[in-house]
Amino acid sequence: MALRDDIAALSQIPLLSSLNNEQLRILAFASDTVDLGDGQELFREGANADSAYVVRSGTIALKGRSDRHEEQFGRDAVLGELSLIATTTRSGAAKAVDGPASLLRLNRTTLRRVLEEYPDVAAIMHETIRQRLARMTGRIGALAGRFEGDD
């Protein structure tokens, strides 16, 4: 893929929305392409997660141990965004389905280097994460009322 395609793919990651084109270019240079054959595994549930993936082509199926169905992701979908900012493990297993797939892999170490170089972006990203967490907490709080007294 061309560099501009990689930059466009990285711009799909919501966490990176505050980065400008030059900062995305730096990340794109440091990103890897992962090509999978049909049925080939991208990662296993419980594996250490240190990178996010953007699906460039094909379909990736994600299935957790407790899930009865698998969720499928196509072009420009983002998998593992949380791993860019936190030490975590994979919540499900992912593999290519219905043919080959190509993904762009961005690791946490590379993102941290960019944030060290551009601390103003780090501050904006921190605020983005804070707002997303506040919205999620609000949604959880709204749902909690539905379950009170269901003993």
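**Close-up views of a predicted model**

Of the 151 residues in the protein, 36% are buried (under 20% relative accessible area; exposed is over 50%, partly exposed in between; 1.4 Å probe, protein chains only). This is a predicted model: local features need pLDDT of at least 70, side-chain atom pairs count only at pLDDT 80 or more, and totals for chains, interfaces and linings use all residues. Residues are numbered from 1 along each chain as its sequence is written, and side-chain values use heavy atoms, with hydrogens and water left out.

View 1. Helices (H or I, at least four residues) and strands (E, at least two) are DSSP runs, numbered from the N terminus. Along the sequence the pattern reads α-α-β-β-β-β-β-β-β-β-α-α. Mean pLDDT (the predictor's confidence in each residue, from 0 to 100) is 86, and 93% of the residues reach 70 or more. Confidence is lowest in H4, at a mean of 80. It is highest in strand E2 (residues 41–43), at 96.

**View 2. Helix H2 (residues 21–30) buries Gln23, Leu24, Leu27 and Ala28.** Down the axis of H2, these buried residues fall within an arc of 140 degrees, so they line one face of the helix. The arc is that of the directions from the helix axis to the C-beta atoms. An α-helix has 3.6 residues a turn, so residues three or four places apart point the same way. Asn20 caps the N-terminal end of H2. One of its side-chain oxygens lies 3.0 Å from the backbone nitrogen of Glu22.

**View 3. The largest nonpolar core has 20 residues.** Such a core is a set of buried Ala, Val, Leu, Ile, Met, Phe, Trp, Tyr and Cys residues joined through side-chain atoms within 4.5 Å. Leu10, Leu16, Leu19 and Leu27 have the most contacts inside it. At least two core residues come from each of H1 (3–10), H2, E4 (51–63), E8 (93–107), H3 (108–117) and H4 (119–147). Apart from this core lies another, of 14 residues, among them Tyr53, Ile60, Phe73 and Ala94.

**View 4. Leu16 and its partners.** Neighbours within four places in sequence aside, Leu16 is in contact (heavy atoms within 4.5 Å) with Leu10, Leu24, Leu27, Leu106, Leu111 and Met125.

**View 5. Two aspartates with positive phi.** Most residues other than glycine have a negative phi. Asp76 has a positive phi of about 70 degrees. Asp76 sits in the loop between strand E5 (71–73) and strand E6 (78–79), and is partly exposed at 29% relative accessibility. Asp98 has a positive phi of about 60 degrees. Asp98 lies in strand E8 and is exposed, with a relative accessible area of 69%.

How values were computed: Polar contact = N/O pair within 3.5 Å; in protein donor to acceptor, adjacent residues only side chain to side chain.
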